[in-house]
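Me: I'm new to reading protein structures. Could you walk me through a few features of this one?

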Amino acid sequence: MRTQFTTEPSSAGPAGYDVIIAGCGPTGAMLAAELRLHDVRVLVLEKETEPASFVRIVGLHIRSIELLAMRGLLERVRERARQRPAAGFFAAISKPAPVGLDSAHAYLLGIPQPVIVHLLEEHAIALGAQVRHGCAVAGLAQDGDGVTVTLADGERLRTRYLVGCDGARSTVRKLLGVGFPGVPSRTETLMGEMEVGVPPEEIAAKVAEIAETDRRLSLTSFGGGAYRVVVPAAGLSGRAGPPTIEDFRQELRTIAGTDFGVHSPRWVSRFGDATRLAERYRVGRVLLAGDAAHIHPPIGGQGLNLGVQDAFNLGWKLAAQIRGWAPQTLLDTYQAERHPVAADVLDNTRAQLELLSAGPGPQAVRRLLAELMDFDEVNRHLMEKITAIGVHYDFGAGPDLLGRRLRDIEVKQGRLYSLLHRGRGLLLDRTERLSVGGWSDRVDYLGDPTAALDAPCVLLRPDGHVAWIGDDQRDLDGCLSRWFGDPAEGLGC
């Protein structure tokens, strides 16, 4: 079905939902939860009836961990995850984390993907989202009032907005006709977690020997005899479906001369190095997020994190649009802010992949970069890039903190992020002279928060980014209008 656009009011009847989300992966589930914080009627459609058959371990980077803390989810996730230091992310170059990294959560959480998906879906449902499994989007038509979504079984649903979080092969993106330019996959790599049949010393010696000329092979111990195995694949191009344990053995023998006795796989997968970025994140009442908007090599483990952060950026803005208080251009800031972030991730993943190549040129550049990373400024810049704590949105002229996220500082009530669980804005006022006035239905206030805040007053958006710094009420009111619309009647300053 082709996408249809009209500007006339719809004759399809009232919308049954405010937002329908196609795809209940981490991005879709997080977006549903963010919308429910603002009482938006949400339906999530997931085409799969069961979780994926393979259990891939994914890494949650610092910024995603911070977002979980902002919504009160972190401890629930930590209980199911493995924690390890934040280090050695960029092209697997082994360097310690910079001293004094600007976060109270400077670590990595490794967690099985089905587990994080389940936890986020459970969170969204607890907040009131509806989730239907075994439902695939097959068509859509939008008009001035909403979107009609047609499912594979012919059922039609009506919604005010539709968000495609349906992965790299996004049906929503294709139906919209949004271009997905980039570079097709040139190489494939196998990745899995399995047991090995040789001593750790033998593995370490062989991997170190091969690393002299080829950095693409890695075997990382997870304890208990289990290893995460990553090996380039030469003979699987064009084959559908996940790899087999015999595929791992064959590719390991090709590159290492031994298969290390690998057996008993816990999960296996394969990935290419395709890099693509959607030309637009929004067409009318239909938006894209997560892998539906961008794909890239998984080196550095940024994919899931990028999608969750998309959802966090979009959720409160789309909710504001639906609740009727969004400034005219607010929803457009979703693409303006997130598209450049994705482009940067695409660049750094391709750069990392080149540094893993076996050629003498890439290896020479890798050695040079490893030397440069001994300088704290270089190491810190790359760490902040991979973990997304260095993301800086352009909010105009002002102090360096403007447009950046504020770390989880201590406040007199405990921790800053515990005050953001409701997904509202927050004014931190050390002067105790300012007010959120007519915006108090969407922005909270904290007077005399902490001496750790190196500014008189700071306004945070619901995603934790600093929207304003200053001490003038009139200037603050202008910023509140920019991000939170007109003040509510009867609540004026």
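Me: Let's start with a cysteine. Does Cys165 count as buried or exposed, and what is its relative accessibility?

Reply: Keep in mind that this is a predicted model. The general idea is to ask how much of a residue's area can still be reached, with anything under 20% called buried. Cys165 has a relative accessibility of 10%, so it counts as buried.

Me: How many disulfides does a search of the whole structure find?

Reply: A disulfide is a covalent bond between the sulfur atoms of two cysteines. Here the search turns up zero of them. Take Cys165: its closest cysteine sulfur belongs to Cys24 and is 9.5 Å away, which is too far for a bond.

Me: Cys479 is one of the buried residues of H12. Which others are there, and where do they sit around the axis?

Reply: With a helix, check whether the buried residues share a side. Besides Cys479, the buried ones in H12 are Leu476, Asp477, Leu480, Trp483 and Phe484. They span an arc of only 165° around the axis, so they lie on the same side of H12. That set packs against H8 and H9, plus strands E21, E22, E23 and E24. As for length, H12 has twelve residues and runs 15 Å from first C-alpha to last, close to the 16 Å expected.

Me: And the aromatic rings? How many pairs does the count give?

Reply: For rings, look at how far apart the centres are and how the planes are angled. The count gives five aromatic pairs. In one of them, Tyr281 and Tyr334 have ring centres 5.5 Å apart and planes at 45°, so that pair is tilted. Tyr281 is in the loop between strands E15 and E16 while Tyr334 is in helix H9, so the pair ties together parts 53 residues apart in sequence. Both of these tyrosines are buried.

Trp316 and Phe484 are tilted too, because their planes are at 35°, with centres 5.9 Å apart. Trp316 belongs to H8 and Phe484 to H12, so this pair joins parts 168 residues apart in sequence. Ring pairs also bring Trp325 into a cluster with Trp316 and Phe484.

Me: Which charged residues sit over a ring?

Reply: Here you look for a charged end above a ring's face. Arg285 has its charged end over the ring of Tyr161, 4.9 Å from the centre. Arg461 lies over the face of Trp483, at 4.7 Å from the ring centre.

Note on methods
Residues are numbered from 1 along each chain as its sequence is written. This is a predicted model: local features need pLDDT of at least 70, side-chain atom pairs count only at pLDDT 80 or more; totals for chains, interfaces and linings use all residues. Side-chain values use heavy atoms; hydrogens and water are left out. Rings of Phe, Tyr and Trp (its six-membered ring) pair if their centres lie within 6.5 Å; planes under 30 degrees apart count as stacked, over 60 as edge-to-face and the rest as tilted. Helices (H or I, at least four residues) and strands (E, at least two) are DSSP runs, numbered from the N terminus. Buried means under 20% relative accessible area, exposed over 50%, partly exposed in between (1.4 Å probe, protein chains only). A charge sits over a ring if NZ of Lys or CZ of Arg is within 6 Å of the ring centre and within 35 degrees of the ring normal. A disulfide is a pair of cysteine sulfur atoms within 2.5 Å. The expected span of a helix is 1.5 Å times one less than its number of residues. The arc is that of the directions from the helix axis to the C-beta atoms. Contact means heavy atoms within 4.5 Å.
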